[in-house]
Amino acid sequence: MFQPLDPLLHSELRLAVMSLLVSVEEAEFPYIKEQTGATAGNLSVQLDKLSEAGYIAVEKTYKGKRPCTICRITPAGLKAFEDYVNALKSYLEISK
Amino acid sequence: MEENENLTAERSLEIIRESIEQSRRAMTKHAGTPMIWWGSLVVVFAVLIAYLWKSHGGPVWNVLWFVMTIIGMAGEKMMAKRREPLPRNIIGSVIGKVWSAFGIFCCGLGFITCLAGLGVLSFKSLAPASGYIIPITSIITFALGMASTTTGLILKNRAISICSVIAGIGGFFLALRFAGGEQLLVMAAVAVVGLVIPGIIVNIQTRE
């Protein structure tokens, strides 16, 4: 039986962002942008969607005089990511 | 990367694997540079202090170790500013804490023995048994070996672990065989084996 895939995570960029954030405590916007190769505008939109869902926490602060956006995964985001990976496994097992 | 929502299960898993692997590579890139930096500083200062100790007035020159610590920290801060921002992760935090503990112990030990050397504290109050000498270089060498080995084990890097065990245990016994400024040459050798060489190896491995 297929488990439903979280539509919020079933997107290339949002999934890449969540995968980056699961292995770190927190990451700055430029790092995520560089690692995903996304444009700043598109990344901002996707981060907002993840933040609105409560999957990530976005903190806007300053580094010296420069604005700095820090993202970290929340416990709800981690749970959603785990569920997504488990759901993927069920798809792969059935397709074998 | 675009906003593609028509993903297959295989493609999704590939994105997850690629992102995690990319993140791991980015974080270990240049991980050996702080080891090379601190190792080189220890070599330069150990040789300098050994020379000054022998030719210009004795062990008082050991205060230069505190100057080295300040230069080292300032240099590391400058390097961190120039590097692209890296995310904080649990591995980096643990390694940072291991080296902080090493720094606290060594600076504490060095500070107390400096006070004794300057006459503020009496040697008798530190080592009441007559004729007993505290083997500071051996202790610091051993602690350096332990901190460096722990780093190697956390990073799962065999080169760091092996070099550090050799440097820590070898340096401990070797430093006991020498007295005065000559001990510092042992310290310099330990820094080369335990910090500089593993640092170079790590940087070569992470560049591949």
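Modeller: Let's start with S1(A) and strand S3 (residues 66-73) of chain A, which pair in the antiparallel sense over two bridges. By the way, this is a predicted model, where local features need pLDDT of at least 70 and side-chain atom pairs count only at pLDDT 80 or more, while totals for chains, interfaces and linings use all residues. Residues are numbered from 1 along each chain as its sequence is written, with chains lettered from A and ligands numbered from 1 in the order in which they are written.

Colleague: What makes S1(A) and S3(A) a pair?

Modeller: Strands pair if DSSP finds at least two bridges between them. S1(A) and S3(A) have two bridges, so they qualify. In one of these, Ala27(A) has Cys71(A) as its partner in S3(A). Helix H3 (residues 40-52) of chain A packs on the sheet, where it touches S2 and S3 of chain A and makes about 125° with the direction of S2(A).

Colleague: How many bridges join S2(A) to S3(A)?

Modeller: Eight, with the strands running antiparallel. Cys71(A) turns up here as well, as the bridge partner of Val58(A). The hairpin of S2(A) and S3(A) has two residues between the strands, and Gly64(A) takes a positive phi near 70° there.

Colleague: Which strands are the edge strands, and why?

Modeller: The open sheet has the order S1-S3-S2 in chain A, with antiparallel pairing. S1 and strand S2 (56-63) of chain A are at the edges, as each pairs on one side only.

Colleague: Which residues of H2(A) are buried?

Modeller: Tyr31(A), Ile32(A), Gln35(A) and Thr36(A). Down the axis of H2(A), they fall within an arc of 115° (taken from the directions from the helix axis to the C-beta atoms), so they line one face of the helix. A residue is buried if 20 or more other C-beta atoms, placed from the backbone, lie within 10 Å of its own, exposed if 12 or fewer, and partly exposed in between. In chain A, 33% of the 96 residues count as buried. The buried residues of H2(A) pack against H1, S1, H3 and S3 of chain A, along with helix H1 (9-28) of chain B. Just after H2(A), Gly37(A) has a positive phi of about 75°.

Colleague: What makes H7(B) roughly antiparallel to H8(B)?

Modeller: Helix H7 (residues 158-177) and helix H8 (residues 181-207) of chain B pack at about 180°, with axes 9 Å apart. Angles over 145 degrees count as roughly antiparallel (under 35 roughly parallel, 65 to 115 roughly perpendicular, the rest oblique), so H7(B) is roughly antiparallel to H8(B).

Colleague: How many residues of chain A are in contact with chain B?

Modeller: 24 residues of chain A, meeting 23 of chain B. In contact means that C-beta atoms, placed from the backbone, lie within 7 Å. H1(A) gives the most to the side of chain A that touches chain B, with six residues. That side divides into 12 nonpolar, eight polar and four charged residues.

Notes:
Two residues are in contact if their C-beta atoms, placed from the backbone, lie within 7 Å. Helices (H or I, at least four residues) and strands (E, at least two) are DSSP runs, numbered from the N terminus. Ala, Val, Leu, Ile, Met, Phe, Trp, Tyr, Cys and Pro count as nonpolar, Asp, Glu, Lys and Arg as charged, and the others, Gly among them, as polar. Axes are lines fitted to C-alpha atoms, for helices over the stretch in contact, and angles run from 0 to 180 degrees between N-to-C directions.
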